[in-house]
Amino acid sequence: MFTASTPDAEALADTWARVTGCEVVEAGDTEAGLRELWGAEPGSHQRNVVLAAPGASRGMLRLVETDAPVADELPASRLGPFGFEFFSRDVDEIHARLVADGTFQALAPPHDYDMSAIGSGIGRSFAARGPGGVWMLLTTMKSVPPPRPLPGVAELVGPVVNMPMAARDRDRAVAFWRDLLGVPVRFDGTMADPVVNSVISLPPDRAFHCTVFSVGDGQLAEHHFHPDGAVAADIRPSGRLRPGPAAYTCQVDDLDAVVAVARAEGHGVRGPVELACAPYRGRRVAAVTGPQGELVELVGTPAAA
């Protein structure tokens, strides 16, 4: 699952469901144990909505109500996660639907671009800003190097596949994602392509190192390591989730072992706590903050029957 905090959580959820055909899994008051995991004050983030592509049990999107405004800025201009990426069977069709609906503001029409330099492939994407300031990136992959199968979805919009982030310090990111969490690097290399940059309104001459971690089951944690001074500092109000895209939720094989190592390495860990709400349904969950300000929820595997 992927989480954003936004002042207009229910408005964004309603629009996203209407335009994409995704479904509301659960909506209601935020469980107190979740606030504890997030380091949030009592009474904050009062409501949340969990959405999923039809029939999907992965790549869910959780939108959390907040009283902290999301900055009105372009994606990738500030340190940390900057949007959510979804595969689409037809990115031009979903662009037309978003434009016709009028609630989302697209940066530009879909562009073809080539990420073969990092081992990925050729895609077609666009970015659009929704109610409350949350950016959505929609992608149709057109080709990948053989023998890898072409990733895609049957739906107009599938599950969330990525929460890309503007980043600094690749060594710390690798130490956190690969070495601590056991998430392997899938794609890695330098991007210097004006067309790639145009998708998220980066300067056309910007080069950056891109490292993509494979979280599992098709989900990714994509890092764009920008030159010093190229991105603004992260914003996180006291006692709140960071505004906008904020958190990954990942299942781990041995929650207690990961928590023990994280604490031994000096990471601030909250939990584990047992959560009743969707999608946890009684599982134990801990949370740790990554080097770009991203919150990572670690969910234990279900107890044996």
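Mentor: The model is predicted: local features need pLDDT of at least 70, side-chain atom pairs count only at pLDDT 80 or more, and totals for chains, interfaces and linings use all residues. Residues are numbered from 1 along each chain as its sequence is written, and side-chain values use heavy atoms, leaving out hydrogens and water.

Trainee: What percentage of the residues in the chain is buried?

Mentor: Buried means under 20% relative accessible area, exposed over 50%, and partly exposed in between (1.4 Å probe, protein chains only). Of the 305 residues in the chain, 53% are buried.

Trainee: How many helices and strands has the chain?

Mentor: Helices (H or I, at least four residues) and strands (E, at least two) are DSSP runs, numbered from the N terminus. The chain has six helices and 19 strands.

Trainee: Where is Asn 197 found, and is Asn 197 buried or exposed?

Mentor: Asn 197 lies in helix α5, residues 194-199. Its relative accessible area is 0%, so Asn 197 is buried.

Trainee: Which residues is Asn 197 in contact with, leaving aside its neighbours within four places in sequence?

Mentor: Contact means heavy atoms within 4.5 Å. With those neighbours left aside, Asn 197 contacts Leu 202, Pro 203, Pro 204, Asp 205, Arg 206 and Phe 208.
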